[in-house]
Amino acid sequence: MDKKESRRAKEETTRYWRLEGGGNAEVDTVSAEAAADIAEAAQLLRSGGTVAFPTETVYGLGADARNAEAVQAVFAAKGRPSDNPLIVHIADEGGLDGLVADVHPLAARLMEAFWPGPLTLVLPLKPGALPPVVTAGLDTVGIRVPDHPAARALIAAAGCPVAAPSANRSGRPSPTLASHVLEDLAGAIGGVLDGGPAGVGLESTVVQVLEDGTVAVLRPGGVTAERLAAVAGPGAVVAGADAASGNHADPAAALAAEALAAEAAASGGKGAADVPGGSSDALDAPGASGAAEAAAAQAFSVGAPRSPGMKYAHYAPRGRLSIVRGPSPRGAAEVAAALLREAGRAGEKTGLLLFEEHREFYPEHAADCLVSLGSIGLPEQAAHVLYAALRQFDEAGVTYILAEACPAEGLGAAVMNRLVKAAAGRLIDAEAE
Ligand code: TXA
Ligand code: MG
């Protein structure tokens, strides 16, 4: 964070603590200086305040989960719809006592394998254990133990379960730096603990273990489906209603159709056709055909477990983002380059998110603002930089953005899930060469 931001934070009454020496995820404990700052932040939490803090996934905005008013302040600061429940963060498994009614043996094995870490388990809430505002009135609660020394030290010092959504304004990309938190929330929250860049860069995986021992992935994230299957057994891990990441012939299209539906609902039924400068273009049919609509209907089907938050427009930069995909990276790049050129001519300020290996497929100056997601073979790099990249486009005033797709495997599944949501479902299919 630079001086200007620090000043702004002060001016706007949001406290700012830079965690010196050991407040970051690379070391296991916090330094004495960091501990003193964390103690102040914990005191603020205990007294009903809101505090943003680093985790190994993204920054969270915490409040004492037992305090309805404090939790309400989190919803207010974010502008978050009240039917979207918060994840409750605990310092270790002991924190489950008194919060949950029952733990399925497989859920216990997942905790054993992945806590602390980027896995949120949706568990049956012990009736009356938390004010209904936390869980949006559901009889389940999402719980995780973050793998970040400052986060765990904060929760332990506060001595309470900490309800914490990502510390962004609702709909914006999640924050991976303290400066992102201040961009969105300075003046609206009590304070922020700056522990440097978040590790994974994308949120936790949200799962629910069903009675029959199936692990439903409600939101793909830092723990991959492959790693879950290694613990739960092959075939035991399925995509939940909203994650649409594994059990459909074209998961991206299913997710896209759902995201389009969400966007259409949010914009009062307007379509979400993707056209530079507002003109229509055949290249640009997002493929929301009958098949995709059917997939959306399936994704919305009743009975399947779901994560309420996934139905909302999310992670969106201010510019209009679309994803270009195709059987050949070169062919997709050619389509993208043509669309960017057209958009530029129509007066748009253009942005491009690409993978390093594909740079050579684009002409020079393919876009006004070009950001690399790293190697296509290393989705953890893309995860780490994706949200900062989307915010970078905002800073540059970009109005039209194209992103390359990556294989939805491993952490790539979570990257594609976030990209499709950020694009509100706008997928552009480039034909084979
Ligand atoms: O990595 C993360 O999970 C970050 C850090 C701060 O821990 N937190 C985060 O929180 O991403 P948030 O609020 O942005 O996303 C929480 C997701 C939403 O999609 C919400 O609907 C889902 O978890 N969720 C929470 N409680 C749930 C429940 N009881 N049942 C189903 N889904 C739930
Ligand atoms: Mg969020």
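These questions and answers walk through a predicted model of one protein.

Trainee: How many helices and strands does the protein have?
Mentor: Start with the whole chain. The protein has 433 residues, and buried residues make up 56% of them. Its secondary structure comes to 13 helices and 16 strands.

Trainee: What share of the contacts with a separation of 6 or more comes from residues 24 or more positions apart?
Mentor: Contact here means heavy atoms within 4.5 Å. Take the contacts with a separation of 6 or more; the share from residues 24 or more positions apart is 70%.

Trainee: How far apart are the end C-alpha atoms of helix α13?
Mentor: Helix α13 covers residues 411–422, which is 12 residues. At 1.5 Å a residue, α13 should span 16 Å. The model agrees with that: the end C-alpha atoms are 17 Å apart.

Trainee: How many residues of α13 are buried?
Mentor: Buried means under 20% relative accessible area. Leu411, Arg418 and Lys421 are among the buried residues of α13. The helix is mostly covered, and the count is 12 of 12.

Trainee: Which residue just after α13 takes a positive phi?
Mentor: Look just past the end of the helix. The phi there is about 50 degrees, and the residue is Ala424.

Trainee: Which residue in β16 stands opposite Ile323?
Mentor: β12 also pairs with β16, residues 427–429. That pairing is parallel, over 3 bridges. Opposite Ile323 stands Leu427.

Trainee: Do β9 and β10 pair in the parallel or antiparallel sense?
Mentor: Compare the two neighbours of β9. Strand β5 (residues 119–124) runs parallel to β9, joined by 3 bridges. β10 forms a hairpin with β9, with 5 residues between them. Over 4 bridges, β9 and β10 pair in the sense called antiparallel.

Trainee: Which residue in the turn of that hairpin has a positive phi?
Mentor: Val209 stands opposite Val215 in β10. In the turn, the phi is about 85 degrees, and the residue is Gly213.

Trainee: How far apart are the closest N and O atoms of Arg172 and Asp394?
Mentor: Side chains of opposite charge can pair when their charged atoms come close. Arg172 and Asp394 form a salt bridge, with the closest N and O atoms 2.5 Å apart.

Trainee: How many residues apart are Arg172 and Asp394?
Mentor: Arg172 is in the loop between β7 and α7, whereas Asp394 is in helix α12. The pair links distant parts of the chain, 222 residues apart.

Trainee: Is Asp394 buried or exposed?
Mentor: The cut-off for buried is under 20% relative accessible area. Arg172 has 11% and is buried. Asp394 has 12%, so Asp394 counts as buried.

Trainee: What is the relative accessible area of Glu356?
Mentor: Glu356 forms a salt bridge with Arg359. Arg359 is partly exposed, at 39%. Glu356 is partly exposed as well, at 35%.

Terms used:
Residues numbered from 1 in each chain as written. Chains lettered and ligands numbered in written order. Predicted model: local features only at pLDDT ≥ 70, side-chain atom pairs only at ≥ 80, totals over all residues. Heavy atoms only, no water. Expected span 1.5 Å × (residues − 1). Buried < 20%, exposed > 50% of the residue type's maximum accessible area, 1.4 Å probe, protein only. Pairing = 2+ DSSP bridges. Salt bridge = Lys/Arg side-chain N within 4 Å of Asp/Glu carboxyl O.
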